[in-house]
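The exercises below work through one structure, shown next. Try each task on the coordinates before reading its solution.

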Amino acid sequence: MVPVDQILSLKGFKFPGGSKRIEHWENWLLTDCTDSGQLPSNLVHPIALFHIPIQGVDTSISELFKLGMVEGAGSVGLEGYDWEYFLPLYEDIDYRFEGEVIDVERIQTESGGIFDRFVFRIELTNDEGELVSRVTNSWRFWRKR
Amino acid sequence: MSDLEEYLDREVPRLIIEQVDANKMKTMAAILRDPYPVHWDKKANATLGLDGRVINQGPLNLSYIANMLIAWQGPSCIKRLQARFLKPVLDGETVVATGKVVEIIEPEAGRVRVQIWLSRGDDVVLEGEAEIEISN
């Protein structure tokens, strides 16, 4: 099992950060996956706040799994999201992304399972420095089922 | 909005996803650059007792809630989504997105809190709250 000190040391880890634009084709396919019609006025589907911030801070789901030292089916679970939308998000505009791991905690379940709660927060700003969105995601890295 | 009180305890029109589609999970995995095989490799889930099935991405489960809210109050109505994931949803399953207005939180901005949940039969698989700006 991953030593608890090693996983707890991830608290405060800052992602590289960067900028990213959501292109039309990506938003179109993403929206289609949700079984929705396309949104008007080049609006980005709200569910883009899952992967766009992760890619925007210059990391990836794969890198996050490596950071959390997990692999294989059943090793990762979603716990919860808190996504705040301060301004509309549009296609083909560059946004700036910054984020960090804000909490890590080892949890033992009543049935004897063990997982590490991994919580990270990412903020999106526009070129005027206005806060557009903020996401806080909580994942579970399972150590023992 | 002066008549915001009328929305209290009102249910949001439900959205039914008749059949969660494994092919959409594959496209979604590619968009997300998601290496987790439980969403696209049916054999990967044998160790979980789900051989031959794939697990829908959490964001897709939440998207059904988002689509329900957008159909109700427009494409920019969502100001906050808080969700807790309780159970996995598998390909081929039918899920229902539901919401209910439980609180007026900013009368001047027309903002309300909506209790949200996604269910499969009697099972709630996702629950949470949304902050919505009322425009209709």
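**Exercise 1: Strand pairing across the two chains**

Trp83(A) stands opposite Leu81(B), which belongs to strand 2 of chain B. Find out which strand of chain A pairs with strand 2 of chain B, and in which direction the two run.

Solution. The model is predicted: local features need pLDDT of at least 70 and side-chain atom pairs count only at pLDDT 80 or more, while totals for chains, interfaces and linings use all residues. Residues are numbered from 1 along each chain as its sequence is written, chains are lettered from A and ligands numbered from 1 in the order in which they are written, and side-chain values use heavy atoms, with hydrogens and water left out.

Step 1. Take helices (H or I, at least four residues) and strands (E, at least two) as DSSP runs, numbered from the N terminus. Two strands pair if DSSP finds at least two bridges between them.

Step 2. Strand 2 of chain A, residues 76–85, is joined to strand 2 of chain B by five bridges, and the two run antiparallel.

**Exercise 2: The interface**

Describe the interface of chain B and chain A by contacts, buried area and polar pairs.

Solution. Step 1. With contact defined as heavy atoms within 4.5 Å, 33 residues of chain A are in contact with 34 residues of chain B.

Step 1. Buried area is the accessible area (1.4 Å probe) that two parts lose on being put together, summed over both. For these chains the value is about 2900 Å², with 66% of it on carbon and sulfur atoms. On the side of chain B, the most area is lost by Lys24(B), Ile31(B) and Tyr36(B), together 21% of what that side buries.

Step 2. A salt bridge requires a side-chain nitrogen of Lys or Arg within 4 Å of a carboxyl oxygen of Asp or Glu. The rule finds three across the interface. One of them links Lys24(B) to Asp35(A), at 2.7 Å from N to O.

Step 3. A polar contact is a pair of N or O atoms within 3.5 Å; within protein, one must be able to donate a hydrogen and the other to accept it, and residues adjacent in sequence count only if both atoms are side-chain atoms. There are 14 residue pairs of this kind across the interface, both residues at pLDDT 80 or more.

Step 4. Helix 1 (22–32), helix 2 (58–73) and strand 2 (78–85) of chain B each give two or more residues to the side that touches chain A. Helix 2 of chain B gives the most, nine residues.

**Exercise 3: Strand 4 of chain B and its partners**

Solution. Step 1. Nine bridges connect strand 3 (residues 95–106) to strand 4 in chain B, antiparallel. In this pair Ile104(B) is opposite Val112(B). Four residues lie between the strands of this hairpin, where Gly110(B) takes a positive phi near 65°.

Step 1. Ten bridges connect strand 4 to strand 5 (residues 123–133) of chain B, also antiparallel. Here Gln115(B) is opposite Glu129(B). This hairpin has two residues between its strands, and Gly121(B) in the turn has a positive phi of about 60°.

Step 2. Strand 4 of chain B, residues 111–120, is mostly covered, with eight of its ten residues buried.

Methods
Buried < 20%, exposed > 50% of the residue type's maximum accessible area, 1.4 Å probe, protein only.
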